[in-house]
Amino acid sequence: SGCTRFADDEAEALARGLEANLVSLMLNGWAKLTEVGIDVIVHACPRLQILGLKECRLLCDEAVRAVFNNCSSIASLHLAGCARLTGECFTDPTSAENGVALVRRRASLSNLDCGECPSLQQSALRWIATCSARLRDVRVSGCVHIDDDGLQALAVAPGVALRSVDVSGCKIGRASCRERE
């Protein structure tokens, strides 16, 4: 954590030394890590259940898509501070259905932290809401594009029994609060 100089080359070296049965990996603060490094890591560690990528500011949606495509048991994904994350990573661009949620394929996902991702779009909550029934904790605090409509998508998602939702710093108004009561 806090290895601000580490980049894709270091990720490739790390991946060569990791065991395929590794279940938890924290790369928080790897400020120069991109989707290239993540792709190498998730191919080397397909059994990851917990992955920390907080403050990996160069990561884009393709990196997260690689996690979903390669780590079928991912349960906890920490993406706070990933400035380039828009939320497109939660959709499947190859699907015939427009906007189908890629995260639905990861029924194991129970904790998703996308807080302080300034590029995260409103539509991301709609896709996140279509996750499995195991999704319990969602954090989108500090995401400036999230408003009442996004929270509404989470509130009415069928089959999802959220335990906690952190929308601190989002543009949430009284209408959404009344809906939840």
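## Confidence of the model

Across the protein chain of this predicted model, pLDDT averages 85, and 85% of the residues score at least 70. The mean is highest in strand β2, residues 50-52, where confidence reaches 98, and lowest in helix α6, residues 174-180, where the mean is 49.

Over residues 176-181 pLDDT stays under 50, and for this stretch the model has four contacts beyond four places in sequence. Where pLDDT is low, the predicted coordinates should not be read in detail.

## Secondary structure and overall packing

The protein chain contains six helices and six strands, and, read along the sequence, these elements follow the pattern α-β-α-β-α-β-β-α-β-α-β-α. Among the contacts in the protein chain with a separation of 6 or more, 81% are accounted for by residues 24 or more positions apart.

Of the 181 residues of the protein chain, 45% count as buried. The accessible surface of the chain comes to about 8700 Å², and carbon and sulfur atoms hold 49% of that area.

## The aromatic pair

A pair of aromatic rings is described by the distance of the centres and the angle of the planes. The structure holds one such pair, formed by Phe-68 and Phe-90, whose ring centres are 6.0 Å apart and whose planes stand at 55 degrees, so the pair is tilted.

Phe-68 belongs to helix α3, residues 61-70, whereas Phe-90 lies in the loop between β3 (76-78) and β4 (111-113), so the pair ties together parts that are 22 residues apart in sequence. Both Phe-68 and Phe-90 are buried.

A disulfide is a covalent bond between the sulfur atoms of two cysteines.

Note on methods
Residues numbered from 1 in each chain as written. Predicted model: local features only at pLDDT ≥ 70, side-chain atom pairs only at ≥ 80, totals over all residues. Heavy atoms only, no water. Phe/Tyr/Trp six-rings, centres within 6.5 Å; stacked < 30°, edge-to-face > 60°. Helix = DSSP H or I, 4+ residues; strand = E, 2+ residues; numbered from the N terminus. Buried < 20%, exposed > 50% of the residue type's maximum accessible area, 1.4 Å probe, protein only. pLDDT = per-residue confidence, 0-100. Contact = heavy atoms within 4.5 Å. Areas by Shrake-Rupley, 256 points an atom, 1.4 Å probe, with all protein chains shown as cover.
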